[in-house]
Amino acid sequence: MKPTDEDLLRRAFAVAARAEERGNHPFGAILVGPDGEVLLEAENGYLPDGDMTAHAERLLATAASKTFEPDELSECTLYSSAEPCAMCAGAIYWVGIGRVVYGLSETRLKQMTGDHEENPTLDLPCRTVFASGQRKVEVIGPLLEDEAAAQHEGVWD
């Protein structure tokens, strides 16, 4: 039986939890093929180098572009614990991933992070970024947003 979007999104939440256990911000992403098979996983990579661009989705998009052909990626779904920011949405778009499912919206994340120096959240929906392009990217989310938000409780205080 093929896993549901909720099942796979919860797997991205587990990757985010693993990132936090390792001392990083609680963000995670997975790449899933059309048959429901998990192809890649990526955690937030802010530490140890303080790389502000090492978002889980961007790291996953980079790995995907080095591993799969564009026609394969167009049939894949990226599941993310939080909505891809403008940078990550751009990376997803450029590598040609055809579908995105996310948990926590950028708007709610921004409410939670406030002006935290390690996450100056952009409240720019990924749908807006994707709509600016020439390639169609299907977006589902926010989905299971309360579960996704729970991973950030107390992190940005």
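Residues are classed as buried when their relative accessible area is under 20%, as exposed when it is over 50%, and as partly exposed in between, with a 1.4 Å probe and protein chains only. The structure is a predicted model, in which local features need pLDDT of at least 70 and side-chain atom pairs count only at pLDDT 80 or more, whereas totals for chains, interfaces and linings use all residues. Residues are numbered from 1 along each chain as its sequence is written, and side-chain values use heavy atoms, with hydrogens and water left out.

By this criterion, Glu145 counts as buried because its relative accessibility is 19%. Glu145 belongs to helix α7 (residues 145-150); helices (H or I, at least four residues) and strands (E, at least two) are DSSP runs numbered from the N terminus. Apart from neighbours within four places in sequence, Glu145 contacts Gly103, Leu104, Ser105 and Arg108, a contact being defined by heavy atoms within 4.5 Å.

Gly98 is likewise assigned to the buried class, because its relative accessibility is 18%. This glycine is located in the loop that connects α4 (86-95) with β4 (99-104). When residues up to four places away in sequence are not counted, Gly98 touches Leu73, Ser74, Cys76, Lys136, Val137 and Glu138. A separation of 9.3 Å is found between the C-alpha atoms of Gly98 and Glu72, which are 26 residues apart along the chain.

The protein chain comprises seven helices and five strands, arranged from the N terminus in the order α-β-β-α-α-β-α-β-α-α-β-α. Of its 157 residues, 50% are buried. Among contacts between residues at least 6 apart in sequence, 62% link residues at least 24 apart. The C-alpha atoms occupy a box of roughly 40 × 35 × 30 Å along the principal axes.

Helices α2 (56-67) and α5 (106-113) each contribute at least two residues to the lining of the largest pocket.
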